[in-house]
Amino acid sequence: QNVLQMNAINSNYTDPNNLKFEEIKILGALEEIKTVTVSQNNVEENHPINITYYPLEQVAHITGFQLELGKSYTITWTQQPSVNARFNCYPGPDPTQEKCEQLGCIWEVITSNLDIPPCYYRSDNAYSLDKVEYTSSGLTANLILNSTKIRANENFTAPISTLRLEVKYHLNNMLQFKIYDYQNARYEVPIPLHLPSSPTSTEQERLYEVTPQLKPFGLQIRRKSTGTVIWDSQLPTFTFSDMFIQISTRLASQYIYGFGETEHTMFRRNMSWHTWGMFTRDEAPTYKLNSYGYQPFYMALEEDGNAHGVLLLNSNAMDVTFQPTPALTYRTTGGILDFYMVLGPTPELVVQEYTSLIGRPVMPPYWSLGFQLCRYGYRNDSEVAQLVEDMKAARIPYDVQYVDIDHMERKMDFTLSAHFAGLPALINKIKEEGMRFIIILDPAISANETNYLPFSRGTQDDVFIKWPNTNDTIYSKVWPFLPNVEIDESLPQQTQVELYGAHVVFPDFFRNSTVNWWKKEILEFHSNPTNASRSVKFDGLWIDMNEPSAFVNGAIGGCRNDLLNMQPYIPYLGNRSAGLHFKTPCMEGQHYLADGTPVRHYDVHSLYGWSQTKPTLE
C-alpha cells in the first residue's frame with residue numbers, strides 16, 4: 001500500500017535527449033500525501049519533489065522527479081488525514097479524552113487552532129446497504145447496522161437498525177433522497193411540497209446520476225454533464241437514533257449560499273447554522289431567539305460555474321457545521337432525513353426550481369415597497385400624529401406608519417390603550433391622504449383578565465397549547481403585566497416579570513379551531529361590530545414574537561419532561577446550557593394538526609411562525 005514500483009523501460013534505445021519522467025498523478029488519494037520517497041536498488045535518492053493535493057478530486061500531483069529511462073525505481077508515500085478534514089465526534093460542550101474514547105473516536109488536541117475538533121471519527125460509519133432495488137424512477141435499500149461499530153449506546157442515542165433509503169427521481173432537474181425508520185413511524189414535517197404525482201424524469205434527460213455506496217453506507221450524486229460529484233456522504237459520521245441524527249457530505253465547491261451569510265461562505269471550521277438562532281458562531285456572541293422562521297436550504301456554486309441547491313425538510317432543532325474540506329455536517333434532534341436537490345444548472349434556475357418545489361413567494365402589495373417608519377416607545381396617538389405632520393413638513397418620502405405594542409392596553413392583543421383612543425381616527429386620516437398603516441400582534445394571550453374576549457373565546461374554542469394527555473393549558477409569561485398592580489420599575493426586568501407578569505397562553509395555530517378564532521379576532525378589531533368608531537382600519541399586520549418568545553423558560557412552574565427540554569445533544573444555541581426551552585414554551589407542549597394528528601412542540605417549534613402566517617394573511 002502506498003508503493004509504486006516503476007520500471008522505466010527504453011527497449012535498449014539510447015535517448016540522445018536524456019528524457020526523464022518528471023511528474024506522477026495519484027488518483028483516489030483519500031487523504032493528503034505528506035512525504036514521497038524515491039529509491040533505486042534500496043538506495044534512497046534525493047529529488048526536488050513538490051506535492052499538490054486536490055481534496056475535491058482526491059488527486060495528488062507530484063512533480064520534481066528525475067526518473068531516467070532504463071532504470072527501476074520504488075516510490076513510496078505517506079498519507080496523513082488533514083486536520084481540516086476532521087469530522088467532530090463529540091459536538092457537545094466540554095469534550096474530554098475520556099468522553100471521546102468512549103465513543104470509539106480519536107483524541108488529539110491541536111493547540112494552534114482550538115476550532116479544530118480534538119475528538120474525531122476513525123474511519124467508516126456503522127451502516128451498510130442491503131437489498132438495493134432499482135426502478136426507472138429511483139431506488140430503495142435497507143440500511144444494516146454493524147453492531148461492532150456502534151459508538152454510542154446510551155438511551156435515545158443508540159443507533160436504529162431498521163432504516164430504509166429511498167431515492168426518487170421526481171424531475172430531470174430534481175431528486176429526493178430520504179432515510180427513515182420503516183418499522184416505527186416518526187414525526188415528518190407536515191408541509192406539503194409541490195411534487196409531481198409520479199416521477200416524470202427519464203434516464204436520457206436527467207441531469208444527475210445516483211450511486212449508492214454499499215459498505216460503508218454512502219450516497220453519491222454526480223452531475224452527468226461534467227462528472228462533478230455534488231453530494232458524497234460516504235463518511236464516518238452517519239448516525240440515526242431517537243434524538244440525534246447526523247450525516248455529513250463532501251461538497252463540490254468552497255462556495256455556498258444560504259447558511260447564515262448574505263455573501264458566499266468560504267468554509268471555516270467554526271461556522272454553524274442554527275435553526276433556532278440563525279447566525280454563525282463566530283459572528284454572534286449573544287443568543288438571538290431566531291428570525292421568525294428558517295429554511296435549511298443552501299445553493300452551491302460548483303468550480304465550473306454550475307449551481308445546485310439542497311433542502312433538508314426537517315423542522316427539529318439542528319445545526320449545520322462547515323469545514324474547509326469542503327464538507328458539511330447536519331445534526332438534527334429528531335424527525336427523519338428528507339433531502340431534495342435541484343440541479344439548476346444556473347443560480348437563477350436553482351431559485352426557480354426551489355420555489356417551484358416549496359411554493360412561490362407572495363406578491364407584496366405595491367405600497368409595501370415604499371418608505372416605512374416605526375419604533376418602539378410611542379407614548380400616545382398625538383405623538384404619532386405629530387410625527388406624521390413633521391415628516392410631511394420635512395418633505396421626507398413616507399408611505400407607511402406603524403405602531404408597536406405601545407398602542408395596546410397593557411400590551412394585550414386586540415385592545416386599545418386609553419393613550420391611543422384617537423388611533424382609529426388617525427389611521428382613517430392617514431389613509432385618506434394616501435398612506436398606509438400597520439399594527440403589531442403578538443401570539444401570547446393574557447389569561448389574568450376578567451373580561452378579555454380573545455382569551456375567553458379562545459378558551460371556549462379550545463385553541464391554546466396544552467400539556468400532553470391532559471386538558472390543562474400551559475401558562476407562561478410574556479408582555480402583559482397583571483392588572484391593577486403598582487410596578488416597581490427600579491427592579492431588574494426579569495424580577496419585574498417574576499413579580500408582576502401575567503399568565504399568558506399560546507395559541508396552537510396548527511388547529512382548525514385556532515385558525516377560525518384568530519381570523520375572527522383580527523376581523524373584529526379591524527371592524528368593531530359594537531362600536532364602529534373603535535374600528536382600527538389597519539392595512540397590514542406585523543406578527544411578532546412568534547418563535548414563540550417567552551420571558552420565562554418553558555412554563556410557570558417549569559417543564560415536566562426533562563429529556564425533551566434538556567436532551568442528550570443541544571445544538572449550537574447561544575444558551576446551550578439552558579436547554580431547548582430557553583425563553584420559549586416547554587418542548588412537550590401538545591399541538592394538533594388540521595387532521596387531528598398530535599405533534600409535540602419539540603418537533604414544530606420552528607414552524608410556529610409559519611403556522612401563524614397563513615391564517616393571518618387570509
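Mentor: We shall discuss the domains, then the helix pairs, then some individual residues.

Trainee: What kind of model is this, and how are the residues numbered?

Mentor: This is a predicted model, in which local features need pLDDT of at least 70, side-chain atom pairs count only at pLDDT 80 or more, and totals for chains, interfaces and linings use all residues. Residues are numbered from 1 along each chain as its sequence is written, and side-chain values use heavy atoms, with hydrogens and water left out.

Trainee: Which domains does the protein chain have?

Mentor: The assignment gives domain 1 (3–80), domain 2 (82–123), domain 3 (125–358) and domain 4 (366–617). Such bounds come from an automatic or database domain assignment. The centres of domain 1 and domain 2, taken over C-alpha atoms, are separated by 34 Å.

Trainee: And what does UniProt list for residues 78–123?

Mentor: The unreviewed UniProt entry lists them as "domain: P-type". UniProt positions are given in the numbering used here, feature names are shortened, and annotations may be inferred rather than shown by experiment. In the model, the span 78–123 is 13% helix and 15% strand, and its end C-alpha atoms lie 17 Å apart. Helices (H or I, at least four residues) and strands (E, at least two) are DSSP runs, numbered from the N terminus.

Trainee: Now the helices. How do α3 and α4 pack?

Mentor: Helix α3 (residues 381–393) and helix α4 (residues 423–432) have axes 9 Å apart, at an angle of about 20 degrees. That makes α3 roughly parallel to α4. Axes are lines fitted to C-alpha atoms, for helices over the stretch in contact, and angles run from 0 to 180 degrees between N-to-C directions. Angles under 35 degrees count as roughly parallel, over 145 as roughly antiparallel, 65 to 115 as roughly perpendicular and the rest as oblique.

Trainee: Is their crossing left-handed or right-handed?

Mentor: The crossing of α3 and α4 is left-handed. The term applies if the near helix is turned anticlockwise from the far one by less than a right angle, and right-handed applies if clockwise.

Trainee: Which residues meet there?

Mentor: D381, V384, A385, V388, E389 and K392 in α3 meet L423, L426, K429 and I430 in α4, where contact means heavy atoms within 4.5 Å. By class, this contact of α3 with α4 has six nonpolar, no polar and four charged residues. Ala, Val, Leu, Ile, Met, Phe, Trp, Tyr, Cys and Pro count as nonpolar, Asp, Glu, Lys and Arg as charged, and the others, Gly among them, as polar.

Trainee: What about α5 and α7?

Mentor: The axes of helix α5 (residues 453–461) and α7 cross at roughly 155 degrees and come within 10 Å. The two helices α5 and α7 are therefore roughly antiparallel to each other. Their crossing is right-handed. On the α5 side, L453, P454, R457, G458 and D461 meet S513, W517, K520, E521 and E524 in α7. The contact of α5 with α7 divides into three nonpolar, two polar and five charged residues.

Trainee: How does α7 meet α10?

Mentor: Helix α7 (residues 512–526) and helix α10 (residues 608–617) cross at roughly 50 degrees, and their axes come within 9 Å. That makes α7 oblique to α10. The residues V515, W518, K519 and I522 in α7 meet Q612, P615 and T616 in α10. This contact of α7 with α10 has four nonpolar, two polar and one charged residues.
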